[in-house]
Amino acid sequence: MTEEKNQTVPILISKEGLTMIEGFLGRKKGCFILDTGTSNSMLFMHPISNKSSQCEIRSYGKSKFGRKEESSITILGKEITKSFIVLPIKDIPYTFHREILGIIGVDVMRENQLVIDYMHKEVHLNTTNTYAPPDEYHAKYSMSIGLQVYGVPIVTIAKENDVVCLIVDTGSISNIISSEAVIHGNFNYSLLEKQELLNFLGKDEIVEKIIMDYNIVSLTDDYICKLPYKEEFSMKISNGCLFQKENNFPLDGILGNLFMVKEKWILDFSQENIYIQ
């Protein structure tokens with residue numbers, strides 16, 4: 001391991017609206033996308049070892065197969081050596097002005113106690129586990145349920161009785177919700193006079209854009225959180241939950257990165273909390 005230094009680095013927002021930080025893959029400098037919607041970190045490179053093995057990537061909305069092998073990256077002044085999923089460079093879903101070396105998933109975020117701070121547009125390496133949010137952040141939302149059940153953070157939203165679970169996904173630009181969740185959750189919404197070309201699970205489709213009222217609500221008893229929002233969503237026609245259903249928590253959509261940038265959320269993977277103003 002190299003000496004840990006530069007434990008705070010600035011966030012870079014791509015022209016597409018994704019969050020990136022600078023780092024190194026070996027001696028090669030470039031950028032890594034921060035993606036809280038995937039549980040596994042990935043590198044864009046050709047496999048260099050005969051010991052690499054094929055594996056399935058658990059990434060909601062971005063499922064595919066890759067190779068897995070041990071490699072080293074350096075982010076926030078810290079060298080991280082572990083088994084990464086390796087994907088060919090052609091699998092990068094967007095075109096960037098900077099060279100993209102890979103995707104930092106929830107595994108690296110949790111193991112290295114990262115804090116993604118959209119208030120100050122920084123990422124912190126919280127090695128002492130003592131991070132405290134700014135005074136103006138009055139609400140705290142636990143990520144523990146989502147991390148334990150799915151390996152990614154989720155938030156629960158509601159309007160009346162039914163609860164809908166959304167993935168907190170910095171690797172997605174759009175907010176997405178299923179039509180069934182909107183109807184059964186009795187959400188107040190209105191159709192916008194525009195549509196969106198949405199790539200979902202590798203397929204392009206035209207979806208309606210809506211604006212919807214909802215509350216973010218906590219499922220834990222240790223801290224009460226109920227915050228009202230009014231946001232645009234891409235509404236995908238669906239007869240069920242958008243992702244697989246586990247432990248009675250159906251995943252019905254995504255809160256995308258542009259929402260978190262606008263609302264200046266802080267995602268603390270050291271204490272597994274989201275801090276909200």
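Val 115 stands opposite Asp 268 in strand 20. Strand 20 (residues 266–268) and strand 10 (residues 114–117) run antiparallel and are joined by three bridges. Strands here are DSSP runs of E with at least two residues, helices are DSSP runs of H or I with at least four residues, and both are numbered from the N terminus. Two strands count as paired if DSSP finds at least two bridges between them. The model is predicted, so local features need pLDDT of at least 70 and side-chain atom pairs count only at pLDDT 80 or more, while totals for chains, interfaces and linings use all residues. Residues are numbered from 1 along each chain as its sequence is written, and side-chain values use heavy atoms, with hydrogens and water left out.

- Six strands form an open sheet with antiparallel pairing, in the order 1-11-10-20-21-12.
- Strand 1 (8–10) and strand 12 (139–142) stand at the edges with a single partner strand each, so one side of each has no neighbour in the sheet.
- From one strand to the next, the twist averages 15 degrees, an angle taken from 0 to 180 degrees between the N-to-C directions of axes, which are lines fitted to C-alpha atoms.

**Strand 4 and its partners**

- Five of the seven residues of strand 4 (residues 28–34) are buried, where buried means under 20% relative accessible area, exposed over 50%, and partly exposed in between (1.4 Å probe, protein chains only).
- Strand 3 (residues 19–25) pairs with strand 4 in the antiparallel sense over six bridges, and Phe 24 has Lys 29 in strand 4 as its bridge partner.
- Two residues lie between strand 3 and strand 4 in a hairpin, and Gly 26 in the turn has a positive phi of about 65 degrees.
- Strand 4 also pairs with strand 9 (residues 100–104), in the parallel sense and over four bridges; Ile 33 has Ile 103 in strand 9 as its bridge partner.

**Nonpolar cores**

- The largest nonpolar core has 64 residues, and those with the most contacts inside it are Ile 75, Ile 177, Tyr 214 and Trp 265.
- Such a core is a set of buried Ala, Val, Leu, Ile, Met, Phe, Trp, Tyr and Cys residues joined through side-chain atoms within 4.5 Å.
- Another core, of 11 residues, lies apart from the largest one and includes Leu 18, Phe 44, Ile 85 and Leu 87.

**Salt bridges**

- The structure holds 10 salt bridges, each defined by a side-chain nitrogen of Lys or Arg within 4 Å of a carboxyl oxygen of Asp or Glu.
- Asp 107 and Lys 82 meet through their side chains in a salt bridge (3.0 Å, N to O); Asp 107 lies in helix 1 and Lys 82 in strand 8 (residues 78–87), so the pair ties together parts that are 25 residues apart in sequence.
- Both Asp 107 and Lys 82 are buried.
- A salt bridge (3.4 Å, N to O) also joins the side chains of Lys 82 and Glu 111, linking strand 8 to helix 1 across 29 residues.
- Lys 262 and Glu 231 form a salt bridge of 2.8 Å, N to O; Lys 262 lies in helix 4 (residues 257–263) and Glu 231 in strand 18, so parts 31 residues apart in sequence are tied together.
- Lys 262 is partly exposed, with a relative accessible area of 48%, whereas Glu 231 counts as buried at 10% relative accessibility.
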